[in-house]
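Subject: Structure handover

Hello,

The model we discussed is below, followed by notes on what was found in it. Please keep both together.

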Amino acid sequence: MRQKGAALVLPNFAWLALFMLGPLITLFVISFRTYEAGRGIQDAWTIAHYVAFVADPYHLGILLRTLRLGIEVTAWCLVLGFPMAYGLSRLRGTPRALLYFVVLLPLLTSAVVRTFGWMIVLSNNGFINRTLIDLGVIDSPIRFMYSMLGIVVALVQVLLPFMVLALDAALLNIDPRVYEAARNLGASRLRVFLQITLPLSLPGILSGSVLVFTLAISAFVTPSLIGGPRVPVMATLIYQQGMSLLNWPFGGAIAFVMLATVVVLFLIAMRLARQERGT
Amino acid sequence: MILWLIVALVGLYLMAPVLVVIATSFTATAYPVFPPQGFTWRWFGEVLASPEYLAAMRFSTALAAASTAIATVLGTLAALGLVRGRFRGQTAISALFLSPIFFPAIVLGLALLIFFNWVGLAGTFPGMVAAHAVLTTPFVIRMVSASLAEFDPAVEEAAKNLGASAMRTFFLVTLPLIRPGVVAGAVFAFIISFDELVVSLFLAGPGMQTLPIRIFTSLEYSSRPSVSAVSTLLILVWLVVGVPLYRRFLDVRHT
């Protein structure tokens with residue numbers, strides 16, 4: 001077989017090998033090196049950093065909190081994303097374009113700017129708490145800042161577009177005649193949703209969920225600004241180890257635990273998607 | 001009916017932070033409050049007169065321009081190879097080339113910090129440019145690939161049959177036809193680089209402040225409405241330049 005066009009992809013391959021794959025391999029190797037405070041990275045090999053991450057209650061707590069964050073964000077994205085995608089799929093022309101714009105808006109704003117907006121509304125005497133207190137719904141402010149709740153509120157907003165786009169693509173693929181047939185055969189709206197819409201949009205639910213989950217557990221800016229040091233997650237722990245404590249072997253170990261989670265999830269999702277197509 | 005009520009509420013939730021940031025940049029109070037009180041242009045004036053903000057804008061512009069130049073060349077070549085070529089491992093190469101879009105930036109940042117520390121690029125401008133080129137090239141590849149898929153390769157064949165060299169064919173036939181894709185890819189790459197925070201945080205040397213780093217550090221302490229004002233400027237740039245491109249980008253993804 002002639003290798004037509006291979007020379008054209010070579011420069012970018014070399015660039016990625018040098019500035020992405022090479023550094024990642026270096027990080028992987030470093031994560032098995034011993035580290036001594038004050039003396040830095042040593043030449044001896046160890047798996048202590050990986051063991052420390054799951055054996056130490058404090059670090060295990062961070063791992064579990066990060067996974068919980070991923071699950072909560074994904075669940076909320078599904079709950080809020082479904083009506084959005086369903087609404088989108090029923091619109092045509094300008095209304096659809098407008099709603100599409102609203103859905104995409106979070107992706108069109110930089111992470112710091114978006115998080116800053118949430119910090120203003122979510123603070124103890126921010127808009128949300130003041131409104132709820134004025135309305136008499138609550139007596140004392142809900143603690144959004146420096147709590148899991150605030151991180152979830154802000155993260156769902158930015159990750160929702162990915163879920164809606166995945167669901168929208170799945171819903172568009174459903175032949176409208178299927179709905180007509182079901183309705184003509186006397187199925188109720190709820191039954192149509194549960195027995196037709198939901199199963200047929202399963203591939204979209206799956207790909208959207210995997211994407212949102214992986215982006216949620218690797219997010220840094222939102223947990224760092226809204227959670228702060230009181231609510232550490234894996235990403236902020238990696239940053240702290242890398243930039244303040246300079247314990248690169250441990251930071252590397254956490255990074256690879258995160259990467260492994262992401263890769264395993266993607267492999268499972270791909271496998272499920274293949275089975276889905278096979279039936 | 002209930003469906004549209006939910007859609008409206010979720011839509012409001014999606015727009016909330018942007019609306020809040022824009023509104024608070026006009027508040028007359030000394031700190032950002034929502035709803036804003038009074039009206040003033042003062043904070044925009046403060047941003048445009050602040051040496052720190054202006055230096056950060058200049059630095060971000062230089063970084064984005066340099067990395068976009070590299071990404072545009074690498075990305076256009078890669079797209080040509082991926083769309084027109086036929087070689088072993090093509091699917092894997094394609095997946096690898098697009099992977100930086102969703103790769104955890106926090107992991108890449110730490111990996112580059114350690115690697116650059118080893119080869120002497122840590123805290124340098126060239127190091128940051130190299131990293132940003134990695135992050136932005138996939139966007140060029142996507143845009144150029146879409147342009148390439150839109151026109152008939154027979155045009156290129158015709159040029160070659162008429163005796164044009166491969167170089168001549170590229171510059172006189174292919175490049176003019178894919179130019180909209182190349183331009184869109186370059187602009188997209190520029191914005192992605194201009195907005196990038198996480199990898200920059202790891203790699204920036206002392207005194208090297210990008211605009212997102214500048215905003216990030218000011219948020220960690222106390223924030224003045226000038227932070228809202230500079231954020232509003234960023235939002236406006238995205239809305240004017242980014243929206244048309246994002247539509248195109250998503251169309252590409254869905255095909």
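Chain B has 11 helices and zero strands; here helices (H or I, at least four residues) and strands (E, at least two) are DSSP runs, numbered from the N terminus. The C-alpha trace of chain B spans about 70 × 60 × 30 Å along its principal axes.

Some conventions before the rest. This is a predicted model, in which local features need pLDDT of at least 70 and side-chain atom pairs count only at pLDDT 80 or more, while totals for chains, interfaces and linings use all residues. Residues are numbered from 1 along each chain as its sequence is written, chains are lettered from A and ligands numbered from 1 in the order in which they are written, and side-chain values use heavy atoms, with hydrogens and water left out.

Within chain B, the axes of helix α3 (residues 51-84) and α10(B) cross at roughly 140° and come within 7 Å. Axes are lines fitted to C-alpha atoms, for helices over the stretch in contact, and angles run from 0 to 180 degrees between N-to-C directions. That angle makes α3(B) oblique to α10(B) (under 35 degrees counts as roughly parallel, over 145 as roughly antiparallel, 65 to 115 as roughly perpendicular and the rest as oblique). On the α3(B) side the contact (heavy atoms within 4.5 Å) is made by E52(B), Y53(B), A56(B), M57(B) and S60(B), and on the α10(B) side by L211(B), P212(B), R214(B) and S218(B). These divide into five nonpolar, two polar and two charged residues; Ala, Val, Leu, Ile, Met, Phe, Trp, Tyr, Cys and Pro count as nonpolar, Asp, Glu, Lys and Arg as charged, and the others, Gly among them, as polar.

Next, the interface. Chain A puts 79 residues into the contact and chain B 81. Between them the chains bury about 7100 Å², 84% of it on carbon and sulfur atoms (buried area is the accessible area, with a 1.4 Å probe, that two parts lose on being put together, summed over both). In chain A, the most area is lost to chain B by W15(A), L108(A) and F116(A), together 9% of what that side buries.

The whole structure has three cavities of 30 Å³ or more. On a 1 Å grid over the protein atoms alone, a cavity is a set of points where a 1.4 Å probe fits but cannot get out, a pocket is an open set with protein on both sides within 12 Å along at least five of seven lines, and lining residues have an atom within 4 Å of a point. Grid points are joined across faces, edges and corners, and a volume is the space filled by probe spheres set on the points.

- The largest cavity holds about 1000 Å³. Of its 34 lining residues, A111(A), R114(A), L215(A), I101(B) and A105(B) are the closest to the centre. The lining has 26 nonpolar, four polar and four charged residues.
- The second largest pocket has a volume of about 930 Å³. It is lined by 39 residues, of which M119(A), M145(A), Y146(A), L225(A) and L219(B) are the closest to its centre. α12(A) gives the largest share of this pocket's lining, five residues.

Regards
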